[in-house]
Amino acid sequence: MAESIRSLAALKRRIASLESVPAARGRARVATGHGAVDAALGGGLPTGRVHELFGDVEEEGAVAGLALGLTQLLAKGVAPLLWLRTEAGQRAGGRLYGPGLAAMGLDPARLLVGVMKDEAMLLRASVDALRCPGLGALVIELRGRAPLMDLTASRRLALAAEESGVTALLLRIGGDPVPSAAETRWRVAAAPSLPLPGNAPGMSAFSLHLLRRRSGPDGMTWRLAWNSARGDFGEECDERHEHGQGSGGRAEEAALPGTVVPLPAGRPAADRAA
């Protein structure tokens, strides 16, 4: 994983260096691989927009895991990914764990981590980052109420994303929804994983509830499973089909807790693998 960037000036220099990276081709939407979700969204997740992912503190691993899957769909190829967080957020959630990223199918070398002093610096850095068309996707991690993340701040982010075509995923850990200019708003939680042969842990699974979207219906809930080998979110039954379990089996009764990317602050590295 690329080094953490701890100042706004350093981050601006790093972003400027990305100008030499070819910008990803503009795509109106990117398919998730889950047919029902893609159909509900009119073909997939709108790109060049801001999307909010809400989750309780105990679900931060699920929110992070879903974001990592979506960033890979948004930036297939060699485009770098940027994750911005505050120093307080890193202390609370722990450092991103390289082997856990690799287990999700993401090359840690593609991920840049910017650790900003406070929320104000984080939001300024986010707007600067979104103005760089060479960036594959941006993850912005906010915790708690985040009072500076108001409607005006979200509009700045949305305008920058639309101009560059870069998609931003705004992680709201332990936060409550407030008015914003986000294209979509989701509630994320871990879902049970269907065990693989030998009762091995199943694919990372998520419960995804569409709270709001700027146009079209909302209020739906789906279960998604991230297939790191295929690089997308499959249908709920994909795990059984791909591993030879019949549709009449008892996999649901033996379902394991959701396997996601945890970000603990005070546990040994061996416990932090995905």
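**Rings, a strand and cavities**

Reader: Does W222 count as buried or exposed?
Author: This is a predicted model, in which local features need pLDDT of at least 70 and side-chain atom pairs count only at pLDDT 80 or more, while totals for chains, interfaces and linings use all residues. Residues are numbered from 1 along each chain as its sequence is written, and side-chain values use heavy atoms, with hydrogens and water left out. Buried means under 20% relative accessible area, exposed means over 50%, and partly exposed is in between, using a 1.4 Å probe and protein chains only. At 12% relative accessibility, W222 therefore counts as buried.

Reader: How many aromatic pairs are found in the whole structure?
Author: Rings of Phe, Tyr and Trp (its six-membered ring) pair if their centres lie within 6.5 Å, and planes under 30 degrees apart count as stacked, over 60 as edge-to-face and the rest as tilted. With this rule, the number of aromatic pairs in the whole structure is three.

Reader: What kind of pair do the rings of W186 and W222 form?
Author: A pair of aromatic rings is described by the distance of the centres and the angle of the planes. For W186 and W222 the centres are 6.3 Å apart and the planes stand at 50°, so this pair is tilted.

Reader: How far apart in sequence are the parts that W186 and W222 tie together?
Author: Helices (H or I, at least four residues) and strands (E, at least two) are DSSP runs, numbered from the N terminus. W186 lies in strand β9 (residues 184–190) and W222 in strand β11 (residues 221–227), so the parts tied together are separated in sequence by 36 residues.

Reader: What is the relative accessible area of W186?
Author: W186 is buried. Its relative accessible area is 3%.

Reader: What is the angle between the planes of F206 and F233?
Author: F206 and F233 form an edge-to-face aromatic pair, 6.1 Å centre to centre, and the angle between their planes is 75°. The pair links distant parts of the chain, with F206 in strand β10 (residues 204–213) and F233 in strand β12 (residues 232–234). To repeat the angle asked for, it is 75°.

Reader: Which residues do ring pairs link into a cluster?
Author: At 0% relative accessibility, F206 counts as buried, and F233, also at 0%, counts as buried. Ring pairs link these two and one further residue into a cluster, whose members are F206, W226 and F233.

Reader: What volume does the largest cavity have?
Author: On a 1 Å grid over the protein atoms alone, a cavity is a set of points where a 1.4 Å probe fits but cannot get out, and lining residues have an atom within 4 Å of a point. Grid points are joined across faces, edges and corners, and a volume is the space filled by probe spheres set on the points. Two cavities of 30 Å³ or more are counted, and W186 is among the residues lining the largest cavity. Its volume is about 70 Å³.

Key
1 Å grid on protein atoms, 1.4 Å probe; cavity = no way out; pocket = protein on both sides within 12 Å on 5 of 7 lines; lining within 4 Å.
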